[in-house]
Amino acid sequence: MSELKIAANIVASVHYTGTLPDSGDVFDSSEGRDPLKFLVGHRQMIPGFEEEMMGAAVGERREFTLSPDRAYGEPLEELIAEFPKSEFAQLEESGVTIEVGMQLVAQTMQGPAPFLVKAVSEESITADFNHALAGKSLTFSVEVVELREATEEELAHGHAHGPGGVEH
Ligand code: ZN
């Protein structure tokens with residue numbers, strides 16, 4: 001039996017289910033998949049998640065609710081932007097009608113950026129690039145499946161390798 005506990009520079013594998021405390025709706029879960037694997041203390045996870053799991057051993061279960069400031073933060077006004085509809089011409093030509101509530105992905109210099117269509121007018125589309133869970137409290141039920149020391153390569157990369165982790 002390992003004596004390891006969740007702490008900085010430990011690779012943790014956990015099964016988790018995330019629910020919205022108001023509705024009980026599940027927004028994410030590792031059920032039926034590999035456990036989620038992450039390198040503790042390297043900003044792979046939202047801050048509150050790691051804080052609440054610190055010191056947990058293999059087999060331990062914890063349940064906690066994070067306020068938005070400890071999860072995905074509050075939605076930011078500056079992440080909502082209006083674009084001329086002409087920029088979406090290619091999409092509309094391919095037969096897609098852009099509607100409010102649709103999830104689309106913009107290709108940016110920094111890579112793909114998902115956004116929610118907030119409003120559509122004759123000339124423009126309002127895009128919300130905030131995280132879909134920004135401004136929400138989140139409840140997590142977590143079970144620690146495996147703990148091990150990080151390899152030097154993982155520490156250099158800042159993430160966990162292997163199934164459930166990062167592939168490179
Ligand atoms: Zn890597």
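Because the model is predicted, local features need pLDDT of at least 70 and side-chain atom pairs count only at pLDDT 80 or more, whereas totals for chains, interfaces and linings use all residues.

**Domains**

Colour the chain by its domain assignment, which gives domain 1 as 10–72 + 133–157 and domain 2 as 77–128; such bounds come from an automatic or database assignment. The centres of the two domains, taken over C-alpha atoms, are separated by 31 Å.

Select F115, which is placed in strand β7, residues 111–120 (strands are DSSP runs of E with at least two residues, helices are runs of H or I with at least four, and both are numbered from the N terminus). F115 has a relative accessible area of 3% and is therefore buried (buried means under 20% relative accessible area, exposed over 50%, and partly exposed in between, with a 1.4 Å probe and protein chains only). Show next the residues in contact with F115, leaving aside its neighbours within four places in sequence: F88, M102, Q103, L104, V105, A106, A127, D128 and F129 (contact means heavy atoms within 4.5 Å). Of these, Q103 is 12 residues from F115 in sequence, and the C-alpha atoms of Q103 and F115 are 5.8 Å apart in space.

**Aromatic pairs**

Nine aromatic pairs are found in a search of the whole structure (rings of Phe, Tyr and Trp, the last by its six-membered ring, pair if their centres lie within 6.5 Å; planes under 30 degrees apart count as stacked, over 60 as edge-to-face and the rest as tilted). Select F38 and F49, whose ring centres are 5.9 Å apart and whose planes stand at 75 degrees, so the pair is edge-to-face. Because F38 lies in strand β3 (residues 36–39) and F49 in helix α1, this pair ties together parts that are 11 residues apart in sequence. F38 counts as buried at 2% relative accessibility, and F49 likewise counts as buried at 2%.

With F88 in the loop between β5 and α2 (89–93) and F115 in strand β7, the pair ties together parts that are 27 residues apart in sequence. To close this stop, select F27, F38, F49, F64 and F140, which form one aromatic cluster.

**Salt bridges**

Seven salt bridges are found in the whole structure (a side-chain nitrogen of Lys or Arg within 4 Å of a carboxyl oxygen of Asp or Glu). Select R70 and E51, whose closest N and O atoms are 2.9 Å apart in a salt bridge. Since R70 lies in the loop between β4 (61–66) and β5 (80–84) and E51 in helix α1 (residues 47–53), this pair ties together parts that are 19 residues apart in sequence. R70 is partly exposed at 23% relative accessibility, and E51 is partly exposed at 48%.

Move on to R62 and E60, a salt bridge with its closest N and O atoms 3.0 Å apart, and finally to R33 and D28, whose side chains meet in a salt bridge at 3.8 Å, N to O. In this last pair R33 is partly exposed, with a relative accessible area of 46%, and D28 is partly exposed, with 29%.

Key: Residues numbered from 1 in each chain as written. Heavy atoms only, no water.
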